[in-house]
Amino acid sequence: MAASDRIRRFFRTEQGIGMLLVSPTALYALLLLAVPLIAIFVISFWTQTGVRDFDTAFTLANYKEALTDPLYRQLMLRSLMVSGLVTLITVVLAFPIAYFVSFGVKPEHKSLWIFLITIPFWTSYLIRVFLWKVILGYNGVLNSGLKLVGLIDEPLSFILYNVNAVIITLAHAYAPFAILPIFVALEKIDRSLLEASRDLGESRTMTFLRVTLPLAAPGVVAAVLIVFIPTIGDYVTPRLVGGPGGLMIANMIQTQFLRLNNAPLGATLAVLAMLIVAVIAVAFLLLGNRAAGGKKGARK
Amino acid sequence: MTADKPLISLQNVNKHYGDYHALRSINLDIKQGEFFSLLGPSGCGKTTLLRTIAGFEDYDTGAVMISDRDMRGVPANKRPTNMVFQSYAIFPHLSVIENVAFGLRKSKMSKTDKMLAAEAALEMVGLKGYGHRAAHALSGGQRQRVALARALVLKPKVLLLDEPLSALDRKMREQMQVELIKLQREVGITFILVTHDQEEALVMSDRIAVMFEGEIAQCDDPEILYRKPNSKRVADFIGVMNFLPATVRKEGETYLATIAGLGETEITEAQCPGGVPLQNDNGGEATVGFRPETLTLLYEGQTATHREAPAVVDEVVYYGDMTYYDVRFEGVEKPVRISMRNIFGRDVLGVGTQVRVSWSPGALVVFDQSA
Amino acid sequence: MKSLKTYAVLYLIFLYAPIFLLPLFAFNSSTIIAFPLESFTTEWFTQLLTLSEMHGALLNSLKIAVTSAVLATTLGIFAAMAVSRYSFPGQKGIMGFIMLPLVLPEIIVAVSLLIVILRMGFDTGAWSVIAGHTLICTPFAIAILQSAFAALDPSLEEAAYDLGETPASTFRLVTLPLVMPGIISALLISFTISMDEFIIAFFLTGAEPTLPVYLFSMLRFPKLLPAVMALGTILVVLSILLITIAEFFRRRGAKRTGNDTGGFL
């Protein structure tokens, strides 16, 4: 009686109502995200024996295979390299845009700019990727354009069906993801800080380096993670524009699951990919914190 | 309702937020038709107390009675109180008239009567003809009036006002203060105002409860609060009060105070709102307080009405109609503030001038040294 | 700033280049997707009308997108209300987990759901795509709704309650109308995401493909590519239309509650 009374009273408090309200959504995420993620982890230690049958005895054989087979290792390394390069390119290209919209655009036009930047993101991903194939192809827009202008005689072949094409296409697809967090961080900077720096004798460039850039760092960190993590698992881009030499780990995961019917090995590759990404992300966060933390004092 | 029965009675109300004791044994009676203020610095619990009366906050122990009815378990929407919020809380999706008529939705009045009542309330707050404007197009002062009309149209027994003037600029605020007093007299409803502005509280209220750290430090009418604060803390919060250290001793039936820089004088028990500060039979340490306007600088040829003491001008702050002088009495490090009305043809004195200061023993308030 | 502006304009051109190319090829009479362009035609759009398989996929996608949008927005309302009004133990962790699909590669969501569904002996179908889409749309809905709820002054609800309304009628008369623009915006965004999503649908769709899955299969037939361009043009125009409407509602909501912060999401 006392216990149920206490429970009833708890659900009338701030905390109780909050818990009650968030529970449907949390429960959904628990059932459709946590449970499947745990399942995939568990299955990575099993062995496939039939179409839907598994030998549930614990084994590390999948991990051994995933880590020693040069094919898997190559795919994993390539995925990491592509993700890393795409992240670098998008963030470096995005920063000036975010800076321009935050500092160079009239306040009433800012949301329009941001809106224009985000629109392509909302259009069909599949179509966008396919269009890059059209642009970069042997008889594509770029080659025929360059030939028309007379810059080249033979079509360039190094831009489609390889890693370069994958990187260009992904850098295009993830651009808004990099711009938004940097823009938000720049917007939060109190403009009088910049005036204070100028007032204290710093030049524009030094003000940018000593004030703007450190204060925008959290946005850059967010941009890096928000681009790096999902790109490593991209399936469509390598499939459509990568050719055999541009395939990435997600393509192999799909192959294992849907073609080779080896779910445990597919699961192992998925777990490993996530694990590597998580380790890199955490290491990056720690490094970023250490670089910024020494000077910053109390963090929000 | 009989005249001596309080409309609102708070009996030993206590509230905790976790370990934090937000309201400490609050006892308070508020009469029908009073303009009552809860005054204190931010975080003193005045808003919590107001929201407790409104029914938005629960309390741990004690009782909140309105018209002799225990309000425990009665939710805000069932209480005979209405609130004017600090942010005014004007519904942005409704017009002015819809805002004012919002609380009438469930009343049994006809639609026409509801509209008439809302129009009348708008007229009362000086917004006749504003009914069909969009709420978000109003100025701060107008929002304030709509919030008042919206609450008053329901004819509550008590109107609760949570820092209603703090968002307005100075001129508007002073104008609204006068209007609120007039309005309260007109409708005769009990107003409870929460404010951190002591001047506002003094100007508007019949009675004021000064709160610190969840406790009511003193509850009196404005004049008593100003003249006879019962502690240094209250004295310091309301207006400007000078403090000087003193010793108090008893000789026969009279009490004598020796004040730093001013010398010895007789004091009465009435001058000690917190009791005569005698730690033992022989005497005790005390602090005396006096308001800047109870002191006067004596010019050439003037004589003191009561007592006088020599001093040096330390700082001069010129306000146009007034001049504040900070002066130092002989042998006292701490300056004392004196306010003087500027009279045409009389010079403002410079820093370093030797002056005589007239003071009257009857204007002193004597506090325990610690309080 | 001037050179930055030039850069920004070039960058926008880079962002929009593929989209601008779409209608060029969609209305081009050549069956090969390459320059130079031949003559204007609407043939490929009429060809779309004959692809009955595509119509099935479109219907399937619409059904999935509407259901996912409603579910995700409903779940989003609960979570957004919880975080913007109340603080509760473990809030950061719980919300972080709910928002996780925002960064999690979709293929991970897809294969992990697939494995659980198959393991439990169910067959995949529209329902499993809905389940997956609801999961990935919910974080977007929360992001939009959270700012809508945060912009809502809590004393507005207290005022309604103080004026005699019950919690339920307060929600109906004050909360709902004020966050409605946010809700509409969340619905439209979720709908758009679900309509466009490929990977999860590819893994979980079963026998009836969604529109993107069908489109993906079309890409293998060069003969069908002009029709793909036509379909893509329609999809892109519709997406931009929906997103613009969503932005319109979101901003109207922000204006009403008195704080237009500008940015999108």
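How much area do domain 1 of chain C and domain 2 of chain C bury between them, and what share of it lies on carbon and sulfur atoms? In this predicted model, the two domains bury about 650 Å² between them, with 84% of that area on carbon and sulfur atoms. The domains in question are those into which chain C is divided, domain 1 covering residues 1-41 and domain 2 covering residues 55-256, and their C-alpha centres lie 30 Å apart. Eight residues from domain 1 of chain C and eight residues from domain 2 of chain C take part in the contact.

On the side of domain 1 of chain C, the residues that lose the most area to domain 2 of chain C are C:Leu22, C:Ala26 and C:Ile33, which together account for 60% of what that side buries. Sorted by class, the side of domain 1 of chain C that touches domain 2 of chain C consists of six nonpolar and two polar residues, with no charged residues.

By contrast, no contact joins chain A and chain B, whose closest C-alpha atoms lie 10 Å apart.

The interface of chain A and chain C draws on 79 residues from chain A and 84 residues from chain C, and the two chains bury about 7500 Å² between them, 83% of it on carbon and sulfur atoms. Across this interface the rule finds zero salt bridges, although seven residue pairs in polar contact, both residues at pLDDT 80 or more, are counted between chain A and chain C. Helix α2 (residues 14-43) of chain A gives the most to the side of chain A that touches chain C, contributing 22 residues. By class, that side of chain A divides into 61 nonpolar, 14 polar and four charged residues.

The interface of chain B and chain C takes 21 residues from chain B and 19 residues from chain C, and the area buried between these chains is about 1900 Å², of which carbon and sulfur atoms give 59%. On the side of chain B, the three residues B:Asn77, B:His93 and B:Phe102 supply 30% of the area that chain B buries against chain C, which is more than any other three residues supply. Here the rule finds three salt bridges and eight residue pairs in polar contact, both residues at pLDDT 80 or more. Strand β6 (residues 81-84) of chain B gives the most to the side of chain B that touches chain C, with three residues, and by class this side has 11 nonpolar, six polar and four charged residues.

The residue C:Glu165 deserves a separate look. One salt bridge of C:Glu165 is with B:Arg105, with 2.7 Å between the closest N and O atoms, and another is with B:Lys106, for which the closest N and O atoms are 3.8 Å apart. B:Lys106 lies in the loop between α2 (96-100) and α3 (111-124) of chain B, while C:Glu165 lies in the loop between α7 (154-162) and α8 (167-196) of chain C, so the pair joins two chains. The accessibility of the two partners can be set side by side: B:Lys106 is partly exposed, with a relative accessible area of 48%, whereas C:Glu165, at 2% relative accessibility, counts as buried. Residues of chains B and C also occur together in a network of salt bridges that links B:Lys15, B:Arg51, B:Glu57 and C:Glu158.

Over all chains, the structure holds 22 salt bridges. Among them is a pair in chain A, A:Arg191 and A:Glu187, whose closest N and O atoms are 3.5 Å apart; A:Arg191 counts as partly exposed at 28% relative accessibility, and A:Glu187 is partly exposed with a relative accessible area of 31%. In chain B, the side chains of B:Arg328 and B:Glu333 meet in a salt bridge with an N to O distance of 3.6 Å. B:Arg328 counts as partly exposed at 29% relative accessibility, while B:Glu333 is exposed, with a relative accessible area of 64%.

Key. Residues are numbered from 1 along each chain as its sequence is written. Chains are lettered from A and ligands numbered from 1 in the order in which they are written. This is a predicted model: local features need pLDDT of at least 70, side-chain atom pairs count only at pLDDT 80 or more; totals for chains, interfaces and linings use all residues. Side-chain values use heavy atoms; hydrogens and water are left out. Domain bounds come from an automatic or database domain assignment. Contact means heavy atoms within 4.5 Å. Buried area is the accessible area (1.4 Å probe) that two parts lose on being put together, summed over both. Ala, Val, Leu, Ile, Met, Phe, Trp, Tyr, Cys and Pro count as nonpolar, Asp, Glu, Lys and Arg as charged, and the others, Gly among them, as polar. A salt bridge is a side-chain nitrogen of Lys or Arg within 4 Å of a carboxyl oxygen of Asp or Glu. A polar contact is a pair of N or O atoms within 3.5 Å; within protein, one must be able to donate a hydrogen and the other to accept it, and residues adjacent in sequence count only if both atoms are side-chain atoms. Helices (H or I, at least four residues) and strands (E, at least two) are DSSP runs, numbered from the N terminus. Buried means under 20% relative accessible area, exposed over 50%, partly exposed in between (1.4 Å probe, protein chains only).
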